[in-house]
Amino acid sequence: MPFDRLWRNARIATLAPDRPGLGVIENGALATTGERITFVGPETDLPSDTRAAETIDCAGRWMTPGLVDCHTHLVFGGNRAREFEQRLAGASYEEIARAGGGILSTVRATRAASEDDLVQAALPRLDHLIAEGVTTVEIKSGYGLDQESEARMLRAARRLGSERKVGVTTTFLGAHALPPEAGGDKDAYIDHLCTKVLPALAAEGLADAVDAFCEGIAFSIDQTARVFNAARALGLPVKLHADQLSNLGGAALAARYRALSADHLEYTDEAGARAMAEAGTVAVLLPGAFYFIRETRKPPVDLFRAAGTHMALATDCNPGSSPLTSLLLTMNMGATLFRLTVEECIAGVTREAARALGRLDDIGTLEVGKSCDLAIWSIEDLAELVYRIGFNPLHTRIWRGQ
């Protein structure tokens with residue numbers, strides 16, 4: 001059978017688990033039929049009578065899987081530039097939140113925005129990610145905190161996937177903060193989420209996963225567990241904002257529920273790292289937030305390495321603690337701030353990010369049968385993807401074979 005498209009003369013980082021390191025193939029070729037990869041390997045392994053409707057000479061450029069941003073809050077109203085000024089003047093993230101700012105200020109702006117407003121505001125942010133080779137992005141709700149507004153956010157996120165050629169996975173994050181109308185009663189709010197909001201959103205098919213913010217300024221271990229139980233009853237996988245500002249045992253809780261990922265993790269301990277490794281829960285590291293709110297406690301990368309915990313990287317694009325729309329810069333931050341290796345950074349925004357979304361069977365590596373999501377780079381060495389700052393070497397981005 002002839003191929004639809006054939007890329008030749010490429011240096012391919014497949015990220016395939018059956019190849020060492022980044023799974024590099026020198027003098028490689030990749031071919032597709034429809035949206036799927038039907039050949040990837042050395043050019044010398046191509047049959048002599050290979051035919052393709054279109055053949056592309058990569059001229060020795062590097063090819064990687066399309067990048068995956070596995071933790072974003074891309075849909076929101078307004079901005080929090082004023083709070084940035086307050087932090088520069090010495091106010092802490094927690095102080096701003098407790099004074100009614102932080103997440104709740106974005107809630108007010110988001111509730112006031114229409115679905116069209118939210119889509120139009122998010123598109124430039126999404127376009128920046130796409131321009132750097134991102135082919136899949138996760139988008140959370142969590143700035144509505146009532147059923148109508150949360151649904152509107154998730155519908156806007158779904159629309160982004162039809163407005164642009166990009167894969168979008170959606171995550172319900174109703175347990176992000178306590179809305180003002182809850183009157184300080186966190187337990188009643190969690191009950192409302194579990195019995196009313198989450199079932200309604202799941203029935204509408206708006207959420208691919210469920211997330212929560214487990215922290216002193218947000219929700220407790222027990223409250224988070226109730227959200228997870230409700231998600232489990234609806235057949236939805238879970239993930240968790242865990243151990244960002246303190247160690248409440250969030251990583252261990254995520255592992256207990258076999259969460260897709262636990263994210264932030266600056267205060268995770270050895271037991272949490274081991275539990276995540278055993279459960280297959282991915283540690284999603286977010287250096288943009290660490291940098292932007294000037295944290296000093298780094299996630300325990302050495303503990304994750306020792307335990308064998310999979311590590312991903314993401315932008316955490318959001319208006320308050322990480323207004324970042326560059327996954328390339330995220331890799332550089334992961335290396336310079338958290339001392340990740342080049343291999344860990346590149347795997348962290350491809351294979352491991354796909355794993356953190358529960359999508360590794362379809363994206364994240366270049367293997368036969370998977371979706372043809374890839375990026376071609378005008379670079380001499382893969383380390384350039386991590387080393388450069390403010391430079392985009394993307395030559396071509398391919399999503400689903402196109």
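Q: How much space lies in the largest pocket?
A: About 340 Å³. Bear in mind that this is a predicted model.

Q: Which residues are closest to the centre of that pocket?
A: Ala97, Leu104, Ala177, Leu178 and Ile217. They belong to a lining of 17 residues.

Q: Which elements give two or more residues to the lining?
A: α2, residues 93-98, and α3, residues 103-111. The largest share comes from α2, with 3 residues.

Q: And the lining of the largest pocket by class?
A: There are 10 nonpolar residues, 5 polar and 2 charged.

Q: Switching to cavities. How many reach 30 Å³ or more?
A: The count is 1. The volume of the largest cavity is about 100 Å³.

Q: What sits closest to the centre of the largest cavity?
A: Tyr93, Ile103, His176, Asn318 and Ser321. In total, 13 residues line the cavity.

Q: How does that lining split by class?
A: The largest cavity is lined by 7 polar, 4 nonpolar and 2 charged residues.

Q: OK, helices now. At what angle do α4 and α5 pack?
A: About 50°, with the axes 9 Å apart. Helix α4 covers residues 115-131 and helix α5 covers 147-163.

Q: Why call α4 and α5 oblique?
A: Roughly parallel needs an angle under 35 degrees, and roughly perpendicular starts at 65. Their angle is about 50°, so α4 and α5 count as oblique to each other.

Q: Is the crossing of α4 and α5 left-handed or right-handed?
A: The α4 and α5 crossing is right-handed.

Q: Which residues meet there?
A: From α4: Glu115, Asp116, Leu118, Val119, Ala122, Leu123 and Leu126. From α5: Arg152, Met153, Arg155, Ala156, Arg159, Leu160 and Glu163. By class, the contact of α4 with α5 has 8 nonpolar and 6 charged residues, and no polar ones.

Q: Next pair, α5 and α6. How do they pack?
A: At an angle of about 30°, with axes 10 Å apart. Helix α6 takes in residues 186-203. The cut-off for roughly parallel is under 35 degrees, so α5 is roughly parallel to α6.

Q: What's the hand of the α5 and α6 crossing?
A: Right-handed.

Q: Which residues make that contact?
A: Gln147, Glu150, Ala151 and Leu154 on the α5 side. On the α6 side, Lys196, Val197, Ala200 and Leu201. That contact of α5 with α6 has 5 nonpolar, 1 polar and 2 charged residues.

Q: Last pair. How do the axes of α6 and α7 run?
A: They come within 10 Å and cross at roughly 10°. Helix α7 is residues 221-233. With that angle, α6 is therefore roughly parallel to α7.

Q: Who makes the contact?
A: α6 brings Lys186, Asp187, Ile190, Asp191, Cys194 and Leu198. α7 brings Gln223, Arg226, Val227, Ala230 and Ala231.

Q: And by class, for α6 with α7?
A: The contact has 6 nonpolar, 1 polar and 4 charged residues.

Note on methods: Residues numbered from 1 in each chain as written. Predicted model: local features only at pLDDT ≥ 70, side-chain atom pairs only at ≥ 80, totals over all residues. Heavy atoms only, no water. 1 Å grid on protein atoms, 1.4 Å probe; cavity = no way out; pocket = protein on both sides within 12 Å on 5 of 7 lines; lining within 4 Å. Points joined across faces, edges and corners; volume = space filled by probe spheres on them. Helix = DSSP H or I, 4+ residues; strand = E, 2+ residues; numbered from the N terminus. Nonpolar A, V, L, I, M, F, W, Y, C, P; charged D, E, K, R; others polar. Axes fitted to C-alpha atoms, helices over the stretch in contact; angles between N-to-C directions. Parallel < 35°, antiparallel > 145°, perpendicular 65-115°, else oblique. Left-handed = near helix turned anticlockwise from the far one by under 90°. Contact = heavy atoms within 4.5 Å.
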